[in-house]
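Here is a friendly briefing to read alongside the model. Please keep the viewer open as you go through the topics.

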Amino acid sequence: MRVAGAKNSVLKLLAATVLAEGEYVLHNVPDIADVHCMADLLRAMGMTVTGPVGGTMTVASPADLVPEAPYELVERMRASIVVLGPLLARFGQARVAMPGGDDFGSRPIDMHIKALESLGASFRTEHGYVVGRSDRLLGTRLLLEFPSVGATENALMAAVLAKGTTVIDNAAREPEIADLAAFLNRMGAQVLGAGTSTIEVEGVETLSSVEHTVIPDRIEAATFLAAVGVAGGEITLEGARPDHMDMLIAKLGDMGLRISPTTDGLWASRSRRLRSVDVATLPYPGLATDYKPLLVALLSVADGVGIVTENLFSGRFRYVDELKRMGADIRTEAHHAIVRGRERLSGAPVKAPDIRAGAALVVAALAADGETVVGGAEHIDRGYEDFVPKLAALGADVHRP
Ligand code: EPU
């Protein structure tokens with residue numbers, strides 16, 4: 001199976017097209033609902049966007065934009081908030097709807113705002129919108145309270161056009177941040193250290209449009225590894241980057257999944273029932289919170305007891321009740337879950353609360369006797385291209401009514 005481009009990278013690359021006028025070409029873009037949502041946001045600001053067709057998307061960014069992200073779009077996808085930094089850096093003004101909470105609980109943007117304020121922007125809130133203004137931003141030293149992915153990206157996209165040097169300390173280190181920095185550097189920015197905790201940016205006067213290929217989606221790759229872990233068999237994931245998934249590969253290895261790199265991706269196989277392990281989510285290079293529902297699904301049918309600790313999002317255990325409807329033996333206590341593995345689960349109607357939990361319920365269904373009907377499948381469409389055909393091609397009995 002070929003791994004699609006990373007949702008959490010391409011959304012930010014699309015936001016970065018705000019930074020300079022011109023024609024952009026992006027390759028390896030997944031055809032998913034969130035990409036269409038970001039395209040709608042760019043169009044609302046005045047850009048011309050086509051695709052993705054065959055994985056390629058083009059964006060024409062004009063000289064002037066409407067520097068605004070309306071509520072209808074931010075409410076559909078909170079990642080829209082990453083246009084705030086680029087809008088302020090290029091136009092000195094931005095009006096972006098405040099994202100509300102979501103199914104993981106409260107998700108504030110205080111660190112985004114604080115970082116942009118340190119660069120010289122000022123903000124007020126009115127009618128549910130954050131309204132930002134700035135003269136030319138000024139480079140400074142930013143120390144993030146927590147290595148937030150979105151705050152790092154907003155600060156980085158603002159700093160590339162700021163005057164002077166910006167250092168972002170305690171930056172998020174996710175591969176998607178390194179991809180964004182590679183894109184920005186190709187545009188003419190001077191960013192060093194992305195992918196480590198200290199990013200140094202030398203501001204430039206202007207940037208220009210570019211062509212770029214998006215990195216593969218490590219979470220999609222993980223989803224199919226989990227499917228093999230649950231159902232057995234083997235898989236070759238073409239285009240996957242094992243070096244972006246070290247901790248997950250180690251954890252799945254501890255559980256008994258055999259995984260090895262290939263020339264262009266990775267291969268995995270499961271011959272026996274997996275063993276339980278304990279799991280704690282952490283910022284990269286720790287185990288991603290986005291892997292966790294998949295790991296809980298795996299532990300539900302593994303041999304033994306696993307303790308799962310969520311360290312990023314307070315409400316990210318809501319899907320556990322759905323897994324329990326399928327017979328999983330899970331107890332949650334604050335940000336911990338205790339999962340006692342069962343031989344099999346039992347198919348049931350369940351409801352997907354978000355993208356990753358939705359995918360995990362489908363994965364769990366592969367080890368459930370009888371039929372499972374997953375409602376709320378539109379959540380899965382936000383992040384997975386051709387999820388059902390891909391699973392069916394691997395031998396799963398799955399269809400989309
Ligand atoms: N946080 C704050 N204040 C802020 C920003 C974040 O308190 O200003 C807190 C959050 O509430 C959370 C923690 O910091 O507890 C981490 O949040 P982070 O900012 O790192 O997450 P994000 O940028 O909002 C991205 C991904 C998520 C992924 C997280 C963590 C995108 C579009 N989203 O979100 O992916 O779970 O990083 O790795 O990149 C998904 O793909 O389904 C998804 C939810």
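Which residue stands opposite R124 in β7? V131 does. This is a predicted model, in which local features need pLDDT of at least 70 and side-chain atom pairs count only at pLDDT 80 or more, while totals for chains, interfaces and linings use all residues. Residues are numbered from 1 along each chain as its sequence is written, and side-chain values use heavy atoms, with hydrogens and water left out.

**The open sheet and its hairpin**

- Helices (H or I, at least four residues) and strands (E, at least two) are DSSP runs, numbered from the N terminus.
- Strands of a sheet pair through backbone hydrogen bonds, either parallel or antiparallel.
- An open sheet is formed by 4 strands in the order β4-β5-β7-β6, with mixed pairing; two strands count as paired if DSSP finds at least two bridges between them.
- At the edges are β4 (68-69) and β6, each of which pairs on one side only.
- Strand β5 (residues 93-97) runs antiparallel to β7, and 5 bridges join the two; A94 has G132 in β7 as its bridge partner.
- The pairing of β6 with β7 is also antiparallel, over 5 bridges, and these two strands make a hairpin with 2 residues between them.

**Backbone points to check**

- Most residues other than glycine have a negative phi, and most peptide bonds are trans.
- H127, in the loop between β6 (122-126) and β7 (129-133), is not a glycine, yet its phi is positive at about 50 degrees.
- With 74% relative accessibility, H127 counts as exposed; the classes are buried under 20% relative accessible area, exposed over 50% and partly exposed in between (1.4 Å probe, protein chains only).
- N170 is another non-glycine residue with a positive phi, about 60 degrees, and sits in the loop between β9 (165-169) and α7.
- N170 counts as partly exposed because its relative accessibility is 28%.
- The G51 to P52 peptide bond is cis, with omega near 5 degrees, and P52 belongs to strand β2 (residues 48-53).
- Y284 and P285 are also joined by a cis peptide bond, with omega about 10 degrees; P285 is in the loop between β16 (279-280) and α10 (292-300).

**Aromatic rings**

- There are 3 aromatic pairs in the structure; rings of Phe, Tyr and Trp (its six-membered ring) pair if their centres lie within 6.5 Å, and planes under 30 degrees apart count as stacked, over 60 as edge-to-face and the rest as tilted.
- Y24 and F183 are a stacked pair, because their ring centres are 6.2 Å apart and their planes are at 25 degrees.
- Since Y24 lies in strand β1 (residues 22-27) and F183 in helix α7 (residues 175-186), this pair ties together parts that are 159 residues apart in sequence.
- Both Y24 and F183 are buried.
- Y384 and F387 have ring centres 4.9 Å apart and planes at 45 degrees, so this pair is tilted.
- Y384 counts as buried at 3% relative accessibility, and F387 counts as buried at 7%.

**Charges over rings**

- R95 lies over the face of Y129, 4.0 Å from the ring centre; the criterion is NZ of Lys or CZ of Arg within 6 Å of the ring centre and within 35 degrees of the ring normal.
- K292 lies over the face of F317, at 4.1 Å from the ring centre.

**The second largest pocket**

- A pocket is an open set of points, on a 1 Å grid over the protein atoms alone, where a 1.4 Å probe fits, with protein on both sides within 12 Å along at least five of seven lines; lining residues have an atom within 4 Å of a point.
- The second largest pocket holds about 790 Å³ of space, where volume is the space filled by probe spheres set on the points, and grid points are joined across faces, edges and corners.
- The lining has 32 residues, and those closest to the pocket centre are V362, T372, D397, V398 and H399.
- Two or more lining residues come from each of α8 (218-231), β13 (233-238), α12 (355-365), β23 (373-375), α13 (378-381) and α14 (387-393).
- Helix α8 gives the largest share of this lining, 4 residues.
- By class, the lining has 20 nonpolar, 7 polar and 5 charged residues; Ala, Val, Leu, Ile, Met, Phe, Trp, Tyr, Cys and Pro count as nonpolar, Asp, Glu, Lys and Arg as charged, and the others, Gly among them, as polar.
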